[in-house]
Amino acid sequence: MLCALLITGAVGLSPTTASATSSTPSPPSTPPANRSAFTLSSTAFADGGVIPKVHECTSGGGSDPGKRNESPPLTWAGAPTAAKSYAIVMRDLDNSNLIHWVIYDIPASATSLPQNVDHAYRPSTPAGARQVYYRGSASLYGYQGPCSPSTVNTYEFVVHALNQPSLSSLNSNSSTRTAAREIIAATIGSARITGES
């Protein structure tokens with residue numbers, strides 16, 4: 001009799017226990033205490049803030065001396081320790097995710113980009129980096145600043161930590177879309193900020 005009660009009790013409890021176990025969400029995994037979040041920031045503007053005119057394009061007509069098409073200074077921290085290089089992709093989120101800037105093969109030792117990176121396939125800083133040719137309202141290597149004179153658009157800057165030191169499949173003729181695909185395929189972590197202009 002006692003055995004029968006124990007068996008019945010066990011059978012009666014099993015589904016309840018299983019149900020409680022399966023419906024209870026597992027606690028979110030937390031990163032190790034010694035690992036910080038991967039972040040991207042700029043001294044030129046706060047995340048979600050207004051991008052200064054000096055970083056706007058100069059190809060939209062007009063002669064505003066404040067517009068100089070200079071890339072903003074960017075700094076990142078907390079990247080994956082396995083990163084072998086970095087890349088940055090800038091998009092206009094309100095214009096079909098139009099890519100405005102791709103710079104890649106940034107050395108793994110780098111943690112920032114200065115303001116006004118050269119408009120060259122191989123800029124002087126950071127050493128070893130390469131940029132994609134922008135074909136649009138301007139035709140140049142590297143950064144093409146915000147160009148939305150009649151609207152306020154959101155521009156996204158994403159730094160990608162990559163699993164290889166160089167994207168050797170890309171060259172001076174590669175398109176921004178091709179470069180972005182290669183970067184995404186090699187990404188092991190990323191961080192972003194946005195700005196309005």
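User: How many disulfides does the structure hold?

Analyst: A quick note on the ground rules. This is a predicted model, where local features need pLDDT of at least 70 and side-chain atom pairs count only at pLDDT 80 or more, while totals for chains, interfaces and linings use all residues. Residues are numbered from 1 along each chain as its sequence is written, and side-chain values use heavy atoms, with hydrogens and water left out.

Now the general idea: a disulfide is a covalent bond between the sulfur atoms of two cysteines. The cut-off here is a pair of cysteine sulfur atoms within 2.5 Å. The structure holds one: Cys57 with Cys147, sulfur atoms 1.8 Å apart.

User: Which parts does the Cys57–Cys147 pair tie together?

Analyst: Cys57 sits in the loop between β2 (49-50) and β3 (74-77), and Cys147 in the loop between β9 (139-141) and β10 (154-162), so the link joins parts 90 residues apart in sequence. Strands here are DSSP runs of E, at least two residues, and helices are runs of H or I, at least four, numbered from the N terminus.

User: Is Cys57 buried or exposed?

Analyst: Buried means under 20% relative accessible area, exposed over 50%, and partly exposed in between (1.4 Å probe, protein chains only). Cys57 is buried at 6%, whereas Cys147 is partly exposed at 26%.

User: What about aromatic pairs: how many does the count come to?

Analyst: You describe a pair of rings by the distance of the centres and the angle of the planes. Rings of Phe, Tyr and Trp (its six-membered ring) pair if their centres lie within 6.5 Å; planes under 30 degrees apart are stacked, over 60 edge-to-face, the rest tilted. The count is five. One of them is Phe45 with Phe157, tilted, at 5.8 Å and 45°. Phe45 is in the loop between β1 (39-41) and β2, and Phe157 is in β10, so that pair ties together parts 112 residues apart in sequence. Phe45 is buried at 5%, and Phe157 is buried at 0%. Tyr133 and Tyr141 have ring centres 4.9 Å apart and planes at 70°, so they're edge-to-face. Tyr121, Tyr133 and Tyr141 form one aromatic cluster.

User: And helix α2: which residues are buried there?

Analyst: In α2 (residues 176-186), they're Thr176, Ala179, Ala180, Ile183 and Ala186. Down the axis they fall within an arc of 130° (taken from the directions from the helix axis to the C-beta atoms), so they line one face of the helix. The face turned away from the buried side carries the exposed Arg177, Arg181, Ile184 and Ala185.
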